[in-house]
Amino acid sequence: MALNGNGCCWVQERILSGNGCGVFLTPRSRSSTAILPLKSTALSFSSSFQFQGFVVDRKQSSSSIQTAAVRHLVGSVTKTQGLRFAVVVARFNEIVTKPLLEGALDTFRKYSVNEEDIDVVWVPGSFEIGIVAERLGKSRNYHAILCIGAVIRGDTTHYDAVASSVASGVLSAGLNSGVPCIFGVLTCENMDQALNRAGGKSGNKGAECALTAVS
């Protein structure tokens with residue numbers, strides 16, 4: 001847009017058609033040009049364009065953005081009074097699952113969870129964890145359910161079937177009950193990997209699950 005000495009406003013209009021596009025200059029009087037007040041926007045920008053030797057600069061500015069306050073919901077590991085937890089533990093591969101359980105219980109004690117607020121339920125194997133966790137969640141007696149087990153690869157494809165079913169079962173338990181079901185089932189290639197994650201050099205995954213449940 002350009003302004004000439006006669007008080008006329010030349011407006012650049014771009015018309016698109018099926019044959020191409022053209023640029024035309026259309027004279028408009030200053031009196032017919034309405035200037036609307038700018039609303040407060042979230043942008044501040046300046047731009048310029050050139051047409052047949054004329055350079056037009058445009059600049060708009062606005063005040064700072066007015067946005068609603070963002071809420072952050074973060075769990076607390078210091079307010080454990082009144083929280084109740086259940087731990088579902090697989091007895092199969094107990095040499096691994098028992099240290100995982102001990103790590104979880106030790107973490108609960110460190111964060112001042114009362115022992116009477118913790119129930120431990122033993123199941124035959126990891127495959128049975130999901131159904132028991134779902135029933136415990138639906139009882140509405142617990143704020144979170146820890147699911148602890150160990151699935152170790154063997155010589156057959158049994159490992160793949162069990163590992164996949166256990167993961168799906170724990171997920172379904174949480175979705176169907178509405179209570180968080182924390183996945184603490186180790187799926188390892190060999191026994192060394194499992195023991196390293198049950199209090200060995202890779203830490204204790206049971207303790208990590210307990211901390212997740214508290215937070």
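The model is a predicted one, and its description can begin with an open sheet of four strands, ordered β7-β6-β8-β9 and paired in the parallel sense. Strands β7 and β9 (181-188) are the edges of this sheet, each of them pairing on one side only, and from one strand to the next the twist averages 15°.

On one side of the order, β6 (residues 85-90) and β7 (residues 118-123) are paired in parallel over six bridges, and within this pairing V89 is found opposite W122 of β7.

Helix α3 lies across β8 and β9, and its direction is at about 170° to that of β9. Helix α5 (residues 205-214) also packs on the sheet, where α5 touches β6, β8 and β9 and makes an angle of about 160° with the direction of β9.

The table sets out the geometry of the two pairs.

| Helix pair | Angle between axes | Axis separation |
|---|---|---|
| α2 (residues 129-138) and α3 (residues 158-177) | about 15° | 8 Å apart |
| α1 and α5 | roughly 40° | within 6 Å |

With an angle of about 15° between α2 and α3, α2 counts as roughly parallel to α3, because angles under 35 degrees are placed in that class. The crossing of α2 and α3 is right-handed. On the α2 side the contact is made by I129, G130, A133, E134, G137 and K138, and on the α3 side by G169, V170, S172, A173, N176 and S177; by class, this contact holds four nonpolar, six polar and two charged residues.

For α1 and α5, whose axes cross at roughly 40°, the angle makes α1 oblique to α5. The crossing in which α1 passes α5 is right-handed. Helix α1 contributes L100, G103, A104, T107 and F108 to the contact, while α5 contributes K205, G206, A207, A210, L211 and V214, and the residues of this contact divide into seven nonpolar, three polar and one charged.

**A207 as a point of contact**

Which residues does A207 touch, once its neighbours within four places in sequence are left aside? A207, which belongs to helix α5, is then in contact with L100, G103, A104 and T107, and these residues are among those that α1 brings to its contact with α5. The C-alpha atoms of A207 and D106 are separated by 7.3 Å, although the two residues are 101 residues apart along the chain.

Note on methods
Residues numbered from 1 in each chain as written. Predicted model: local features only at pLDDT ≥ 70, side-chain atom pairs only at ≥ 80, totals over all residues. Heavy atoms only, no water. Pairing = 2+ DSSP bridges. Helix = DSSP H or I, 4+ residues; strand = E, 2+ residues; numbered from the N terminus. Axes fitted to C-alpha atoms, helices over the stretch in contact; angles between N-to-C directions. Parallel < 35°, antiparallel > 145°, perpendicular 65-115°, else oblique. Left-handed = near helix turned anticlockwise from the far one by under 90°. Contact = heavy atoms within 4.5 Å. Nonpolar A, V, L, I, M, F, W, Y, C, P; charged D, E, K, R; others polar.
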